[in-house]
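My entries follow the structure.

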Amino acid sequence: MSNVNKKIALLWAMPALMVIAGLGFWLATQVTVKTHQSSSNELAVQQSKLINKKSKVGTVLDSKQPNVSAASNLLDKLFTLDWTIASQKEFDVKAKQMTPYVTQDVVKNSLDFKADPDKMITQTGVVMTYDHMDFLPTSARATEVKGKVIVFVKSHLKDSADATTRFVYNVSYNPKTNLVTQLDRIGTYQLQSDSSVL
């Protein structure tokens with residue numbers, strides 16, 4: 001076969017090879033998409049089971065530990081006000097909105113009631129949204145419920161994707177006054193990306 005014939009054969013073979021490569025890429029993409037859909041469906045099923053389980057636990061908690069349940073409900077309201085911040089103006093008024101749920105000692109000492117003289121929300125443009133919390137009671141008596149709370153907050157800058165930060169608190173609640181008596185933010189909690197705990 002002459003060089004010219006080889007070149008012509010090669011020119012005709014190139015589109016066929018490109019089509020075959022394209023089909024291979026498309027098939028690989030389809031397998032990946034199906035795997036992702038299967039994983040997403042499995043995750044949705046697991047999440048649904050977890051929500052149902054959590055709701056059953058909540059019902060048992062209400063009947064067996066009403067003070068723990070009351071503490072959890074009040075803390076949920078408090079953290080919704082504390083960590084749903086779309087603007088500097090909202091940040092500046094949140095302490096006033098949170099005050100009816102806590103003692104004056106908490107207002108005086110908790111980091112969550114401190115002013116923001118540097119106007120960090122305006123400077124950074126960050127938007128924060130309270131997602132949920134996990135309340136882990138360590139003791140429950142008629143006069144006081146103590147525990148730790150992990151607060152899940154989603155935040156993003158302008159059009160960027162959400163990031164989740166987990167804030168850890170030591171908390172106390174007085175069932176008689178229906179007020180939070182301790183709200184100490186002790187840091188953030190890091191999860192590994194492969195964690196299946198939460």
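I looked up Leu17 and found that Leu17 lies in helix H1, residues 3-64; helices (H or I, at least four residues) and strands (E, at least two) are DSSP runs, numbered from the N terminus. This is a predicted model, in which local features need pLDDT of at least 70 and side-chain atom pairs count only at pLDDT 80 or more, while totals for chains, interfaces and linings use all residues. I note that residues are numbered from 1 along each chain as its sequence is written, and that side-chain values use heavy atoms, with hydrogens and water left out.

I read the order along the sequence as α-α-α-α-α-β-β-β-β, with 5 helices and 4 strands in the chain.

I checked burial next: 24% of the 198 residues count as buried, that is, under 20% relative accessible area with a 1.4 Å probe, protein chains only.

I then turned to the largest nonpolar core, which has 29 residues; such a core is a set of buried Ala, Val, Leu, Ile, Met, Phe, Trp, Tyr and Cys residues joined through side-chain atoms within 4.5 Å. Phe79, Trp83, Phe135, Val149, Val151, Tyr169 and Leu183 touch the most other members. Helices H2 (66-83) and H3 (88-98) and strands S1 (126-140), S2 (145-157), S3 (163-174) and S4 (179-188) each supply at least two residues of this core, and H2 gives the most, with 7 residues.

For Phe135 I listed contacts (heavy atoms within 4.5 Å): leaving out residues up to four places away in sequence, Phe135 touches Val68, Ala71, Ser72, Leu75, Val145, Gly147, Lys148, Val149 and Val171.

Definitions and conventions: Buried < 20%, exposed > 50% of the residue type's maximum accessible area, 1.4 Å probe, protein only.
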